Amino acid sequence: MVIPQHVAIIMDGNGRWAKKQNKPRSYGHLIGTDNVRNIAIKADELGVKVLTLYAFSTENWKRPKDEIDYLMSLPAVFIDKFLKELMERNIRIETIGDISALPVNTLNVIRRAMEKTGSNDGMVLVLALNYGGRSDIVQAVNEVIKAGNVTSISEQDISENISTRNYPDVDLMIRTSLDYRISNFLLWQLSYSELVFVDCYWPEFDEKRFLAAVEEYSSRQRRFGGLL
Ligand code: IPE
Ligand code: IPE
Ligand code: MG
C-alpha cells in the first residue's frame, strides 16, 4: 500500500451526528474530539508524516456564541486527555491559522502543548484553527511584500510563505459527512491532492474507515497533469 505522507481531514458532521441521537451539538463536538486521538494514532501507525485537521474555520465565527465558546474549550479537553499519549508516540503538535484571535485560555493551552511536544520528531499533528485557505494565501502574499523590493510574485514565493511551507504537499484530503466541498480549507495546497468523501459523520469515522480511505488513495493513479 502507498502511504500518503500528508493527510488533511475536514472533520465535518459533529452536529448532525449528535442530532441523530437526540443529543445537543456540543455532544457531537466532544465525541468528535475523542475521535481525533483515534485517527491520529492510526495515521501514526500507518506511517503518515503529517496529519492536518480542520478544527475551526475563519467562517465558523458565524455560529452562535455558545457553540463557539464550547468549541474553544475543546483543545484543553483534548490536551488533558491525550498529551501523555502524544508524548509517548513522539507526536508533535503544530497549528495553522490565526491562533492569535483565539480566546486567551485556549491559546495558552495550545501554546503549552506545542512547547511540550516541540522536540518530538515523529508525526506532526497540525490543528487548523481559525484557518481559512484564502487568508492563508493573502498572508503568504503579504509576507513576500514585507520582505521588500517586490515587483512580481512567483508560485515558489507563495509556497515558501504559506502556512504549510514546512510540510510535504497534501497527498490525501478526506471530508466526512458527505458534503462535497472544500469550505475554505487548504486552497493552495490541495491542487493535486486525491480527494476522498466519506459517507459517515466525523464521530463515526473510525480507524477502519480511515484505513479504507488510505487504501482508496493507494489505488488511485496520480498523474499531476502528465502521462504515465
Ligand atoms: C464539524 O462539525 C466541526 C466544526 C465545524 C467545528 P459541524 O459542527 O460542522 O457539524 P454539522 O456539519 O453541523 O453536522
Ligand atoms: C468545515 O465545516 C470546517 C471544519 C470542519 C472546521 P463546516 O461545517 O464549517 O463547513 P460548511 O459550512 O458545511 O461548508
Ligand atoms: Mg459542518
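The model is a predicted one, and the values below are computed from its atoms. Ligand 2 sits in the largest pocket, and the space taken by ligand 1 is likewise described as the largest pocket. Arg-63 belongs to the residues that surround ligand 2, and Arg-63 is also listed among the residues that come nearest to ligand 1.

- The shell around ligand 1 holds 13 residues, of which Asp-12, Gly-15, Arg-16, Arg-25 and Arg-63 come nearest.
- By class, this shell of ligand 1 is made up of three nonpolar, five polar and five charged residues.
- The side chain of Arg-63 places an N or O atom 2.7 Å from an oxygen atom of ligand 1, while for the side chain of Arg-25 the corresponding distance to an oxygen atom of ligand 1 is 2.8 Å.
- A backbone contribution comes from Asn-14, where a polar backbone atom is 3.2 Å from an oxygen atom of ligand 1.

**Ligand 1: contributing elements**

- Helix H1 (14–20), helix H2 (25–46) and helix H3 (65–88) are the elements that give two or more residues to the shell around ligand 1.
- Helix H1 gives the most to the shell around ligand 1, with three residues.

**Ligand 2: shell and contributing element**

- The residues that surround ligand 2 are Ile-10, Met-11, Asp-12, Tyr-54, Ala-55, Phe-56, Asn-60, Arg-63, Arg-175, Arg-181 and Ser-183.
- Divided by class, the shell around ligand 2 contains five nonpolar, two polar and four charged residues.
- Strand E2 (residues 50–57) supplies the largest share of the shell around ligand 2, namely three residues.

- A polar side-chain atom of Ser-183 lies 2.6 Å from an oxygen atom of ligand 2, and an N or O atom in the side chain of Arg-181 is 2.7 Å from an oxygen atom of ligand 2.
- Arg-63 also takes part here, with a polar side-chain atom that lies 3.2 Å from an oxygen atom of ligand 2.
- On its own, ligand 2 has 390 Å² of accessible area, and the protein covers 79% of this area.

**Residues listed for both ligands**

- Asp-12 is part of the surroundings of ligand 2 and is also one of the residues that come nearest to ligand 1.
- The side chain of Arg-63 has polar atoms 2.7 Å from an oxygen atom of ligand 1 and 3.2 Å from an oxygen atom of ligand 2.

Note on methods
Residues numbered from 1 in each chain as written. Chains lettered and ligands numbered in written order. Predicted model: local features only at pLDDT ≥ 70, side-chain atom pairs only at ≥ 80, totals over all residues. Heavy atoms only, no water. Near = heavy atom within 4 Å. Polar contact = N/O pair within 3.5 Å; in protein donor to acceptor, adjacent residues only side chain to side chain. Areas by Shrake-Rupley, 256 points an atom, 1.4 Å probe, with all protein chains shown as cover. 1 Å grid on protein atoms, 1.4 Å probe; cavity = no way out; pocket = protein on both sides within 12 Å on 5 of 7 lines; lining within 4 Å. Sits in = over half its atoms within 2 Å of the grid points. Helix = DSSP H or I, 4+ residues; strand = E, 2+ residues; numbered from the N terminus. Nonpolar A, V, L, I, M, F, W, Y, C, P; charged D, E, K, R; others polar.
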